[in-house]
Amino acid sequence: MPRQVDHDERRRRLTAALLRIAGTRGLQAVSMREIAAEAGVSLRVVQYYFTNKQALLESGLTELGARMDRRVRQRAAAVAGELTARDVLTAVLDAVLPCDEQSRLDSMAWTAYYTAALTDPVLAAVGVTLPDALENFLTVRLTAAQQAGDIAPDRDPRTEAAGLLALAAGLTQSVLSGQRSRESAADIIGYHLDRLFTPAPA
C-alpha cells in the first residue's frame with residue numbers, strides 16, 4: 001500500500017526550510033527551487049503545496065508568529081502563581097529577544113521580512129499583522145493595569161505598548177549585531193518596566 005502522507009507536516013517542513021534560508025541568507029535567496037533543495041524534496045512537491053512564492057512567504061510569517069506565541073507561553077508557564085500584568089509584559093518582551101540559536105535565526109528571518117516589506121506593499125500589509133496583534137494585546141493588559149492602579153493615570157497604554165515593542169525590536173538588533181548581550185537587553189527592558197509600573201504618588 002502507498003505510504004500515507006501527512007500534508008500538514010509536509011507544509012510545516014517546507015515552511016521551516018523557507019525560514020532557515022531567510023534566517024541565514026536573507027529573503028532574496030528564497031525561491032521554490034532553493035526551498036525544495038533545503039527541505040530535500042522535489043520542486044514539484046513545493047509547487048503542490050504552495051501555488052506561488054507569495055503564499056510561501058505568508059506561511060513563513062504565520063509560522064514566525066506561532067513560534068513567538070509558543071515562546072511567550074513557555075515563559076508565562078515558568079512564572080509561579082497568578083500572572084500579573086507586569087509578568088505578562090515581561091514574558092512577551094522577553095520572547096522578542098533572541099535567547100538561543102533557533103530564536104536568533106527567527107529574529108534574522110524577521111529582519112529579512114522587514115527589509116523586504118519596505119519595498120513590497122503586499123508583504124508589508126501581511127507583515128504588520130503580528131506586530132499589530134502584539135500591540136493590541138499589550139494595550140489591553142496595560143489598560144487593565146492602569147485601572148487597577150498599578151500604572152500612573154497620566155500614561156497612555158497604547159503609546160506605552162508601542163514604545164515597549166519598538167524598544168524590544170531595537171534591542172534585538174543590538175543583540176544580533178553583538179553590540180550587547182541578551183542579558184543586558186533584558187535588563188534595559190526591565191528598567192523601563194520598573195518605571196512604567198511605578199504609579200504616581202497619591
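Colleague: Why is Arg-67 called buried?

Modeller: In this predicted model, where local features need pLDDT of at least 70, side-chain atom pairs count only at pLDDT 80 or more, and totals for chains, interfaces and linings use all residues, residues are numbered from 1 along each chain as its sequence is written. Side-chain values use heavy atoms, with hydrogens and water left out. Arg-67 has a relative accessibility of 13%, and buried means under 20% relative accessible area, with exposed over 50% and partly exposed in between (1.4 Å probe, protein chains only), so Arg-67 counts as buried.

Colleague: What makes the pairing of Arg-67 with Asp-106 a salt bridge?

Modeller: The closest N and O atoms of Arg-67 and Asp-106 are 2.7 Å apart, and a salt bridge is a side-chain nitrogen of Lys or Arg within 4 Å of a carboxyl oxygen of Asp or Glu, so the pair qualifies.

Colleague: Is Asp-106 buried or exposed?

Modeller: Asp-106 has 1% relative accessibility and therefore counts as buried. Salt bridges that share partners also join Asp-106 and Arg-67 with Glu-63, Arg-70 and Arg-71 into one network.
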